[in-house]
Structures are given as structure tokens and as C-alpha cells.
Amino acid sequence: MSKRHRTFVAGFACCKCGSMKSVEAAHVRIGSGAGMGQKPDDWRTVSLCSACHRGPRADAQHAMGERSFWAGIDYERLIAEFTQASPVKSEILTVQAERALGIAA
């Protein structure tokens, strides 16, 4: 897990509403391979304000479910952009390459 990457991601505006208030690094579970009760890798995060991430709004990521929340938004592009700009980009790319080759990270 990479606290440094999460901190980097949380320094940007919310990807959903554009707010800069209480921005968090929100994990995207879709496509992560993480099972129930498992947290996806930290590099699979995007910036969301706390209202869009956890609520109390009914249209928050955790309230409505990820597929509905991300409908119409290219979250994979957002993840890739954060990865490319990350201060730990080389570490992330190494883990991704190892996983693609089936090497335990």
C-alpha cells in the first residue's frame, strides 16, 4: 500500500463534482480483482470529496454502488492519469508489470 500515492491523489479536486473540500483518495473496486472485504491496490484510487465518496448524499460512491456511481465516467483513464503523474510512478508500474507477468509482488 502506498500512503504517498494516496496523499498525492487527495491533493486534487474531486473527480465527480470538482470540490476541493475534504478530498480523499477513493479506491475503485471495479476491475481491481479485489474480493469482498478486500481493499483494491492504492494505485487504483481517484480523488473524491467526502460527500461524493461516502455521503451523506444518496448518490455517493458507497451509497449507490460503484457501477452506478461511475456510469459515464472513464475511471480507468483517471486512474492511469494519477499513476502517470504520481511521485511513486515507477513503483506502481513495477507492481503492474509483475502482476501482468504473474510474478508475486
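The model is a predicted one, in which local features need pLDDT of at least 70 and side-chain atom pairs count only at pLDDT 80 or more, while totals for chains, interfaces and linings use all residues. Residues are numbered from 1 along each chain as its sequence is written, and side-chain values use heavy atoms, with hydrogens and water left out.

Buried here means under 20% relative accessible area, exposed over 50%, and partly exposed in between (1.4 Å probe, protein chains only). Helices (H or I, at least four residues) and strands (E, at least two) are DSSP runs, numbered from the N terminus.

Over in helix H2 (residues 50-54) sits His53, which counts as buried at 4% relative accessibility.

As for charged pairs, the whole structure has five salt bridges, each a side-chain nitrogen of Lys or Arg within 4 Å of a carboxyl oxygen of Asp or Glu. In one, Arg6 pairs with Asp42, with the closest N and O atoms 2.5 Å apart. Arg6 belongs to helix H1 (residues 3-9) and Asp42 to the loop between E1 and E2, 36 residues apart. Arg6 is partly exposed at 28%, whereas Asp42 is buried at 3%.
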